[in-house]
Amino acid sequence: ANHRPLFGRRILITAGPTHEPIDPVRYIANRSSGRQGFAIAAAAAEAGAEVLLIAGPVELPTPPGVIRVDVETAREMADEVEQGLPVDAAIMVAAVADWRAADTAVQKLKKDGSGAVPPLALAENPDILAGLAKSPRRPPLLIGFAAETNDVLAHAQAKLARKGCDWIVANDVASDPMGGELNRVHIVTPDGVDSWDRLPKEAVARKLMEKIADDLDARTPL
Ligand code: C5P
C-alpha cells in the first residue's frame with residue numbers, strides 16, 4: 001500500500017474556535033477543543049501532504065511537519081485562508097463564531113452599580129467556507145464540517161447545498177460531548193452518505209485522508 005498517498009498535494013485546514021473580542025478581557029466564542037482539526041492536520045502530514053493549519057486559540061501542540069498560523073478572529077482566519085491559496089483540498093473544521101461584537105471597547109466595560117447592562121450589538125462574520133466555495137481560486141476538493149445534535153443527515157445535506165462545498169463531514173455531537181476522544185461521523189457527498197463507526201479522532205482523521213487521496217487521484221491526477 002502507498003503510505004504517502006497525499007505526497008505532492010497541498011492541503012489547508014482550519015481548526016479550533018475563533019474569539020471575537022467584546023473588550024480587552026471578554027470575547028464571544030463557540031465551544032471547540034480543536035482536537036479533530038489538529039488530528040486531521042497530523043494525519044495529512046503523515047500521508048505526505050504539505051499542510052497549512054490555520055488555528056484559532058487552542059492549547060494544542062503543532063503536529064510534526066505542519067505549518068501553523070495562529071489567528072484570533074473569524075476575519076483574521078478568512079484573511080489567512082485567502083493567503084494560503086491555492087490548495088488541492090481545504091478542510092474547514094474550525095467552529096467559527098457566526099457573529100462578532102459590532103464594536104470592540106478599547107477599555108474594559110465596567111459595572112456602574114446601577115444594574116444597567118451594556119448594550120451588545122452584533123455584526124455577522126464572513127462565512128469562510130461559503131466564501132471559498134464561490135472564490136475563483138476554489139480548491140478542487142472543498143470539505144466542510146457540521147456539528148449536529150438532531151436530524152444529522154438532513155441538516156448535513158442541506159448544508160452541502162447551501163455552502164457549495166463538495167463534502168460535509170457531519171458530527172453527531174448529541175452523544176459525544178465536544179472535546180472528547182471519540183467521534184462518530186457521516187461523510188455526506190452528492191453521491192450519498194458514508195457512515196463510520198464511533199472512532200478515536202486520530203482514526204477518523206486517517207480514514208478521511210484515505211478518502212481524500214482517492215478523491216484527488218480521480219479528480220486531479222498528478
Ligand atoms: O453553518 P455552520 O457553522 O454549521 O457550518 C459549518 C461549516 O462551515 C464548518 O466547516 C465551518 O468551519 C464553516 N464555517 C466557516 N465560516 C463561518 C461559519 C462556518 O468557514 N463563518
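In which helix is the place of Lys-163? Select helix H4, residues 152-163, and Lys-163 is there; helices (H or I, at least four residues) and strands (E, at least two) are DSSP runs numbered from the N terminus. Before going on, note that this is a predicted model, in which local features need pLDDT of at least 70 and side-chain atom pairs count only at pLDDT 80 or more, while totals for chains, interfaces and linings use all residues. Residues are numbered from 1 along each chain as its sequence is written.

Stay on Lys-163, which is buried because 20 other C-beta atoms lie within 10 Å; a residue counts as buried with 20 or more such atoms, as exposed with 12 or fewer, and as partly exposed in between, the C-beta atoms being placed from the backbone. Leaving aside neighbours within four places in sequence, its contacts are Leu-129, Ala-130, Ala-133 and Gly-144, a contact being a pair of C-beta atoms, placed from the backbone, within 7 Å.

Next, select the positions that UniProt, in an unreviewed entry, labels "binding site": Asp-98, Lys-108, Pro-126, Asp-127, Ile-128, Leu-129, Phe-145, Lys-159 and Lys-163. These positions are spread over 66 residues of sequence and also in space, with up to 37.8 Å between C-alpha atoms. UniProt positions follow the numbering used here, feature names are shortened, and annotations may be inferred rather than shown by experiment.

From that set, pick Ile-128 in helix H3, residues 128-134, which is buried because 24 other C-beta atoms lie within 10 Å. Beyond four places in sequence, Ile-128 is in contact with Thr-14, Ala-74, Met-77, Ala-78, Val-81, Met-92 and Val-96.

Now display the ligand, around which there are 13 residues, with Met-92, Val-96, Ile-128, Leu-129 and Gly-144 coming nearest; a residue is near if its C-beta atom, placed from the backbone, lies within 6 Å. H3 and strand E9 (141-148) each supply at least two residues of this shell, and the largest share, three residues, comes from E9.

For a contrasting stop, select Leu-122 in strand E8, residues 122-124, which is partly exposed because 13 other C-beta atoms lie within 10 Å. Leaving aside neighbours within four places in sequence, Leu-122 is in contact with Trp-99, Arg-100, Ala-101 and Ala-102. The C-alpha atoms of Leu-122 and Ala-89, 33 residues apart along the chain, are separated by 32 Å.

How values were computed
Two residues are in contact if their C-beta atoms, placed from the backbone, lie within 7 Å.
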